[in-house]
Amino acid sequence: MLFIRSAAFSAVMILSAIIYAVPSVMLFPFPFRQRYGFIKQWARFVLWWLKVSCRIDFVVEGGEHIGDEAAVVLCKHQSAWETLALQEILPPQVWVLKRELLFIPFFGWGLAMMEPIAIDRKAGKKALSQVLKQGKQRLDDGRWVVVFPEGTRTAPGHKGNYRMGGTRLAVHTGRPIIPIAHNAGEFWGRRQFVKQPGTITLRIGPPIPTEGRKAEEVHEQAVNWIEAQMDEITDDRFKANMKQVA
């Protein structure tokens, strides 16, 4: 039954991406926020369909930490789920991502309309300069910048190599960092076709100030907070499961 539910979810998600892609590209002449508002509806639909088909829901803790000032988000990366959920949870945003994603038919076309900061990971300092320049422009325009500092999705219980590009952008612009932890990988893991039913916990941390601070110090604080929350979220879920068994 889980396989059938997961197959139904994937089929509808792919079909809906194709359907949304064409009008998304046609919205190119319109302002960013209008394009974003339309494309966001696809993410909202997929989250709804995920709940209906695979019985995966989510709760948000720490929503009070989302302020009016555009910030840099450093988010744990375990699943494709968070790329959808953050559109629903946070204000209008752009992502720092590998440029190859823009070449994916249909999905990449819609993604390009969101004006992401698409980098060549092999470019080194050139890629960092791009993040700093374009990131500042996006933040000055009132858009949040979302960074997955681990670069690639990691399995539950594992810690990836946290890169400092997002932290350097925050320090460069004096913008606060909003750290985010979640356990989506326990329900929709990397390369995991069959989805597991349950409730994802997404936890938003207090803003981390960056003005007048060294990037290394800020980065360590953000990473320590995220990983500490990951341990806590996992422990809370384990205790809840044990209580159900008892």
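Visitor: Which residues in helix 1 and helix 2 meet?
Guide: This is a predicted model, with residues numbered from 1 along each chain as its sequence is written; local features need pLDDT of at least 70, side-chain atom pairs count only at pLDDT 80 or more, and totals for chains, interfaces and linings use all residues. Side-chain values use heavy atoms, with hydrogens and water left out. Helices (H or I, at least four residues) and strands (E, at least two) are DSSP runs numbered from the N terminus, and contact means heavy atoms within 4.5 Å. On the helix 1 side you will find Arg5, Ser6, Ala8, Phe9, Val12, Met13, Ser16, Ala17, Tyr20, Pro23 and Ser24, and they meet, in helix 2, Phe38, Ile39, Gln41, Trp42, Phe45, Val46, Trp49, Leu50, Val52, Ser53 and Cys54.

Visitor: How is helix 1 oriented relative to helix 2?
Guide: Their axes come within 10 Å and cross at roughly 170°; axes are lines fitted to C-alpha atoms, for helices over the stretch in contact, and angles run from 0 to 180 degrees between N-to-C directions. Angles over 145 degrees count as roughly antiparallel (under 35 is roughly parallel, 65 to 115 roughly perpendicular, the rest oblique). The crossing angle therefore makes the two helices roughly antiparallel.

Visitor: Which residue in strand 5 stands opposite Val72?
Guide: Strand 2 (residues 72-75) and strand 5 (residues 144-147) run parallel and are joined by three bridges. Opposite Val72 stands Val145.

Visitor: Which element gives the largest share of the lining of the largest pocket?
Guide: On a 1 Å grid over the protein atoms alone, a pocket is an open set of points with protein on both sides within 12 Å along at least five of seven lines, a cavity is a set where a 1.4 Å probe fits but cannot get out, and lining residues have an atom within 4 Å of a point. The largest pocket has a volume of about 1400 Å³ (the space filled by probe spheres set on grid points, which are joined across faces, edges and corners). Of its 45 lining residues, His77, Thr83, Lys98, Leu101 and Arg153 are closest to the centre. Six residues, the largest share, come from helix 1.

Visitor: How many charged residues are in the lining of the largest cavity?
Guide: This cavity has a volume of about 200 Å³, and among its 15 lining residues Ile39, Trp42, Phe107, Gly110 and Leu111 lie nearest its centre. Ala, Val, Leu, Ile, Met, Phe, Trp, Tyr, Cys and Pro count as nonpolar, Asp, Glu, Lys and Arg as charged, and the others, Gly among them, as polar. The lining has 11 nonpolar and four polar residues, and the number of charged residues is none.

Note on methods: Two strands pair if DSSP finds at least two bridges between them.
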